[in-house]
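These are my notebook entries on one protein model. I record what I looked up, entry by entry.

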Amino acid sequence: MTHEELDKHVRGIFDQIDRMLLNKAADYAGSEDRMGNFKRRAAAAGVTPVQVCFLDMSKHYHPISNIMRGATNQGIPTQTLTERLLDQIVYSLLLWALYEEATGQNALVPAGDCGFGKPIVRTGR
């Protein structure tokens, strides 16, 4: 895969993430607080919103692991892998946002610094 092909591929993934975040926001937020679903569930369970999001995110790890071990031969469609990976990326972004909200940290790089014209997250290196 060339640099240009990878750039195009990643931009396509970002577009899918944008659409998923917009579409699911109406279903899950239910209020002006986009993280309201995590916060309501956290309050009901006596845990933090970050913990709720992490648990939601972790439910995708096992199916991805199964697919990586060859479970696709057992009737799991290959498309499931890309869907699960997309879910993992979205939950990672939500987890990051909840963590930053809880800690007051902001690690976003100014737009344009990532090469795709959109902010990315600094790794601390």
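**Entry 1: Burial and overall make-up**

I began with a definition: a residue counts as buried when its relative accessible area is under 20%. By that cut-off, 26% of the 125 residues of the protein are buried. I note here that the model is predicted. I then looked up the secondary structure and found five helices and zero strands. Read from the N terminus, the order of elements is α-α-α-α-α. For the accessible surface of the protein I noted about 8,900 Å², and 56% of this surface belongs to carbon and sulfur atoms. I also looked up how contacts span the sequence. Of the contacts between residues at least 6 apart in sequence, 52% join residues at least 24 apart.

**Entry 2: Helix 2 against helix 3**

I next asked how two helices are described when they pack. Two packed helices are described by the angle between their axes and by the distance between those axes. For helix 2 (residues 36–45) and helix 3 (residues 49–58), the axes come within 8 Å and cross at roughly 105°. Angles of 65 to 115 degrees count as roughly perpendicular, and therefore helix 2 is roughly perpendicular to helix 3. I then listed the residues that make the contact. Helix 2 contributes Phe-38, Lys-39, Arg-41 and Ala-42, while helix 3 contributes Pro-49, Val-52, Cys-53 and Asp-56. Sorted by class, this contact has five nonpolar, three charged and no polar residues.

**Entry 3: Helix 2 and Ala-42**

Which residues of helix 2 are buried? I found Gly-36, Asn-37, Phe-38 and Ala-42. I took Ala-42, which is found in helix 2, for a further look. Its relative accessible area is 1%, so Ala-42 is buried. Setting aside neighbours within four places in sequence, I noted that Ala-42 is in contact with Val-47, Thr-48, Pro-49 and Val-52. Ala-42 and Val-52 are 10 residues apart in sequence, and their C-alpha atoms are 6.1 Å apart in space. Just after helix 2, I noted that Gly-46 takes a positive phi of about 75°.

**Entry 4: Asp-56 in helix 3**

I turned to Asp-56, which lies in helix 3. Is this residue, Asp-56, buried or exposed? Asp-56 counts as buried because its relative accessibility is 12%. Apart from residues up to four places away in sequence, Asp-56 touches Phe-38, Arg-41 and Tyr-91. I looked up the separation of Asp-56 and Tyr-91 as well. These two residues are 35 residues apart along the chain, and their C-alpha atoms are separated by 7.6 Å.

**Entry 5: The largest nonpolar core**

How many residues does the largest nonpolar core have? I found 14 residues; those with the most contacts inside this core are Met-35, Phe-38, Cys-53, Val-90, Tyr-91, Leu-94 and Leu-98. At least two residues of this core come from each of helix 1 (3–28), helix 2, helix 3 and helix 5. Helix 5 gives the most, with six residues. Leaving aside neighbours within four places in sequence, Cys-53 is in contact with Phe-38, Tyr-91, Leu-94, Leu-95 and Leu-98.

**Entry 6: Helix 4, and Gln-88 of helix 5**

In helix 4 (residues 61–68), I recorded Pro-63, Ile-64, Ser-65 and Ile-67 as buried. Just after helix 4, Gly-70 takes a positive phi of about 100°. I then moved to Gln-88, whose place is in helix 5 (residues 79–103). With a relative accessible area of 18%, Gln-88 is buried. Which residues does Gln-88 touch, not counting residues up to four places away in sequence? I found Met-57, His-60, Tyr-61 and Ile-64.

Ala-25 counts as buried because its relative accessibility is 18%. I compared the position of Ala-25 with that of Gly-36. They are 11 residues apart in sequence and 9.9 Å apart in space, C-alpha to C-alpha.

How values were computed. Residues are numbered from 1 along each chain as its sequence is written. This is a predicted model: local features need pLDDT of at least 70, side-chain atom pairs count only at pLDDT 80 or more; totals for chains, interfaces and linings use all residues. Side-chain values use heavy atoms; hydrogens and water are left out. Axes are lines fitted to C-alpha atoms, for helices over the stretch in contact, and angles run from 0 to 180 degrees between N-to-C directions. Helices (H or I, at least four residues) and strands (E, at least two) are DSSP runs, numbered from the N terminus. Angles under 35 degrees count as roughly parallel, over 145 as roughly antiparallel, 65 to 115 as roughly perpendicular and the rest as oblique. Contact means heavy atoms within 4.5 Å. Ala, Val, Leu, Ile, Met, Phe, Trp, Tyr, Cys and Pro count as nonpolar, Asp, Glu, Lys and Arg as charged, and the others, Gly among them, as polar. Buried means under 20% relative accessible area, exposed over 50%, partly exposed in between (1.4 Å probe, protein chains only). Accessible areas come from the Shrake-Rupley method with a 1.4 Å probe; for residues, only the protein chains shown count as cover. A nonpolar core is a set of buried Ala, Val, Leu, Ile, Met, Phe, Trp, Tyr and Cys residues joined through side-chain atoms within 4.5 Å.
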